[in-house]
Amino acid sequence: GDAVGLVGESGSGKSTVARTILNLEDATDGKVRFEGQPVDNLGGEELRSFQRRVQLVVQDPNEAFSPRMTIGEAVAEPLRLHGLSDLDRRLEIVEDLLERVGLSADDTERYPHEFSGGEKQRIAIARALVTNPDLIIADEPTSALDSRVQSDVLALLERIRREFDVAVLLISHDIDVVRLFCDRVAVMYLGEIVERGPVETVLNEPAHPYTRVLLGSIPS
């Protein structure tokens, strides 16, 4: 149920961390462990379970969906891939999730181009939730949206986190977003975590020079 922020400038390695956690890239150093078990050792049913329990929300919702699939098909796809063959049950789950993220159950037959960027990000969150994960990795989920829509999506993520008791790793270059949303924060510089701790401690009393530079770059 915790929300952890990973902050740093563009190119510092934040998205690489996300892909490495998801086992989409090999770690060049150290280990990624999920509930104590290294993810690069997983295979068979253990790997499928891990893929079901850790989900990703990408930065640009326009790149998250195939234009040839309806929204209902896109959100249901993880269920199909993980073996839920009952079409009626898949539709029931998808309709429920769309309503939970502020859309309509009737939207299942519509296509991605019919939705705004903020609505598509809501759909992406619904798809991330469809396998009932324990961890959502949200990689800059609001940076492609305008400020009003950003607030709406963050409020949705916060509500979803509490309602589903799901942990969130929020990757962002925006310290104010992390300050509002996260319990803890890790600061990344040139591929290394240089500081981490409770949000209030790190952002109010930064110990590392780079953290102080990041905080000093925020417009007043």
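**Entry 1. Helix H3**

I began with helix H3 and found that its buried residues pack against helix H4 (87-100) and helix H5 (117-129). The model I am reading is a predicted one. I then listed the buried residues of H3, which spans residues 71-81. They are Ile71, Gly72, Ala74, Val75, Ala76, Pro78 and Leu79. I also looked at what comes after the helix: H3 is followed by Gly83, and the phi of Gly83 is positive, near 100°.

**Entry 2. Aromatic pairs**

I searched the whole structure for aromatic pairs, and the search returned 2. One of them joins Phe34 and Phe50, with ring centres 5.4 Å apart. The planes of these two rings stand at 75°, so I recorded the pair as edge-to-face; the cut-off for that label is over 60 degrees. I noted where the partners lie: Phe34 belongs to strand E2 (residues 33-34) and Phe50 to helix H2 (residues 44-53). The two are 16 residues apart, and the pair links distant parts of the chain.

Are the two partners buried or exposed? Phe34 has 18% relative accessibility and therefore counts as buried, the limit being under 20%. Phe50, at 4%, counts as buried too.

**Entry 3. Charges over rings**

I next looked up arginines placed over aromatic rings. The charged end of Arg110 sits over the ring of Phe115, at 4.2 Å from the ring centre. I recorded a further case in Arg161, whose charged end sits over the ring of Phe181, 5.6 Å from its centre.

**Entry 4. The largest pocket**

I turned to the pockets. The largest holds about 1,200 Å³ of space. I counted 34 residues in its lining, and those closest to its centre are Val17, Ile21, Lys31, Val32 and Ile193. Which elements give two or more residues to this lining? They are strand E1 (3-7), helix H1 (14-21), E2, strand E6 (167-172), strand E7 (184-189) and strand E8 (192-198). By class, I recorded 15 nonpolar, 7 polar and 12 charged residues in the lining of the largest pocket.

**Entry 5. The second largest pocket**

The second largest pocket has about 510 Å³ of space. Its lining consists of 21 residues, of which Leu22, Gln51, Val54, Gln55 and Leu56 are the closest to the centre. At least two lining residues come from each of H2, strand E4 (54-57), H3 and H5. Which element gives the most to this lining? I found that E4 does, with 4 residues. The lining of the second largest pocket comprises 13 nonpolar, 5 polar and 3 charged residues.

Note on methods. Residues are numbered from 1 along each chain as its sequence is written. This is a predicted model: local features need pLDDT of at least 70, side-chain atom pairs count only at pLDDT 80 or more; totals for chains, interfaces and linings use all residues. Side-chain values use heavy atoms; hydrogens and water are left out. Rings of Phe, Tyr and Trp (its six-membered ring) pair if their centres lie within 6.5 Å; planes under 30 degrees apart count as stacked, over 60 as edge-to-face and the rest as tilted. Buried means under 20% relative accessible area, exposed over 50%, partly exposed in between (1.4 Å probe, protein chains only). A charge sits over a ring if NZ of Lys or CZ of Arg is within 6 Å of the ring centre and within 35 degrees of the ring normal. Contact means heavy atoms within 4.5 Å. On a 1 Å grid over the protein atoms alone, a cavity is a set of points where a 1.4 Å probe fits but cannot get out, and a pocket is an open set with protein on both sides within 12 Å along at least five of seven lines; lining residues have an atom within 4 Å of a point. Grid points are joined across faces, edges and corners, and a volume is the space filled by probe spheres set on the points. Ala, Val, Leu, Ile, Met, Phe, Trp, Tyr, Cys and Pro count as nonpolar, Asp, Glu, Lys and Arg as charged, and the others, Gly among them, as polar.
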